[in-house]
Structure formats: structure tokens, C-alpha cells
Amino acid sequence: MNYVDALKQYITATNTHDFANVKKLLHPDAVYWFTDKTCTTMEEIRAYFENAWELIKEEVYSANDVKWISVNDHSATCLYQYHYEGYLNGKYVKGSGRATNVFIKDEHDQWKLLHEHLSSL
């Protein structure tokens, strides 16, 4: 798997709404910067994901206009516009924002997400 595939697998895992699938793609030291919260432990990241999936039912997350701005043998950083859609309190909602993802290779030569920064537009 290369870094491009790692991002695709991460998006696919997010849309399963099962954190066990997401966690497989995260570096143990992953840090998330959301618009409203910083998550620095796996437990905080899991809780944030699970809360979002509970809040927005049937959420579908996607990444568009992906630009890889820095790539080398051990790290890759991309920028993209994220989109989500689903149902909040039974009503269809959608939104978007900006994202930055940093992937690094782990000790097993696998690409893992080390950092994600999301901000709403």
C-alpha cells in the first residue's frame, strides 16, 4: 500500500462507522485537531468518531481535490476538501471543510495516519 492508497483506505474505514477499522490505519501517536477539540489519545479519537457517527446518522465522508504537498520515503502530507452528509435528528444535512493529513511509515513499513487537522468552512 502506498500513501495514496492509505488515504483511500482511511476514508473507506471512516465510512464503515466502526472505529476498529479506522484504528488499524492510525499511528499509535496520532493527533487530531478538529474545529472544536484536540484529541491526543486513541481513546479521545475513538470517542470523537463514535460521537460524530451517533450524531450524524448514515454519515458519508469524502475527500475531494486532494493535493499531496510533501512526499518522501517516510512521510506524506496532503490537503483536501472534505464533505459529509447524513441525517441529524432525522433531517438531511451536509457540510464541508478543509483537511490536512500527515501519513508516516511505521516500523512495519506500513503507511499510518499520524495527524489530521479538520476545519469547517
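Me: What should I know before I start?

Reply: The model is predicted: local features need pLDDT of at least 70, side-chain atom pairs count only at pLDDT 80 or more, and totals for chains, interfaces and linings use all residues. Residues are numbered from 1 along each chain as its sequence is written, and side-chain values use heavy atoms, with hydrogens and water left out.

Me: How many helices and strands does the protein have?

Reply: Start with how they are assigned. Helices (H or I, at least four residues) and strands (E, at least two) are DSSP runs, numbered from the N terminus. Here there are 3 helices and 6 strands. Along the sequence the pattern reads α-α-β-β-α-β-β-β-β.

Me: How does the radius of gyration fit a compact globule?

Reply: The radius is taken over C-alpha atoms, and the globule rule is 2.2 Å times the number of residues to the power 0.38. For 121 residues, a compact globule would come near 14 Å. The protein has 14 Å, so the two agree. The C-alpha atoms fill a box of roughly 45 × 30 × 25 Å along the principal axes.

Me: What share of the residues is buried?

Reply: Buried means under 20%, exposed over 50%, and partly exposed in between (1.4 Å probe, protein chains only). Buried residues make up 35% of the 121. For total area, the Shrake-Rupley method is used with a 1.4 Å probe; for residues, only the protein chains shown count as cover. The protein exposes about 7,100 Å². Carbon and sulfur atoms supply 50% of that area.

Me: How do I read contacts?

Reply: A contact means heavy atoms within 4.5 Å. Look at how far apart the partners sit in sequence. Among contacts with a separation of 6 or more, 48% join residues 24 or more positions apart.

Me: Is E116 buried or exposed?

Reply: E116 is in strand β6. Its relative accessible area is 2%, so E116 is buried. Now set aside neighbours within four places in sequence. E116 is then in contact with Y10, V31, Y32, W33, Y61, Y80, T100 and N101.

Me: What does S120 touch?

Reply: S120 is also placed in strand β6. At 41% relative accessibility, S120 is partly exposed. Not counting residues up to four places away, S120 touches T35, Y82, S96 and G97. Its C-alpha atom lies 14 Å from that of Y61, a residue 59 positions away along the chain.

Me: Where does A63 lie?

Reply: A63 lies in strand β3. It is partly exposed, at 24% relative accessibility. Beyond four places in sequence, A63 is in contact with I11, Y80 and Q81. A63 and S96 are 33 residues apart along the chain, and their C-alpha atoms are separated by 9.5 Å.

Me: Which residues does T38 touch?

Reply: T38 belongs to strand β2 (residues 38-39). With a relative accessible area of 41%, T38 is partly exposed. Leaving out residues up to four places away, T38 touches Y32, W33 and E44. T38 and L79 are 41 residues apart along the chain, with 19 Å between their C-alpha atoms.

Me: Which value of phi does E58 have?

Reply: Phi of E58 is near 55 degrees, a positive value in a residue other than glycine. E58 is in strand β3 and counts as exposed, at 60% relative accessibility. D109 is another case. Its phi is near 65 degrees, again positive in a residue other than glycine. D109 sits in the loop between β5 (91-105) and β6. At 48% relative accessibility, D109 is partly exposed.

Me: How many residues line the largest pocket?

Reply: First, the terms. On a 1 Å grid over the protein atoms alone, a cavity is a set of points where a 1.4 Å probe fits but cannot get out. A pocket is an open set with protein on both sides within 12 Å along at least five of seven lines; lining residues have an atom within 4 Å of a point. Grid points are joined across faces, edges and corners, and a volume is the space filled by probe spheres set on the points. The largest pocket holds about 540 Å³. It is lined by 20 residues, of which F34, Y48, A52, E59 and L118 lie nearest its centre. The elements giving two or more lining residues are α1 (3-14), α3 (42-55), β3 (56-71), β4 (75-88) and β6 (111-120). The largest share, 6 residues, comes from α3.

Me: How does that lining divide by residue type?

Reply: Ala, Val, Leu, Ile, Met, Phe, Trp, Tyr, Cys and Pro count as nonpolar, Asp, Glu, Lys and Arg as charged, and the others, Gly among them, as polar. The lining has 12 nonpolar, 5 polar and 3 charged residues.
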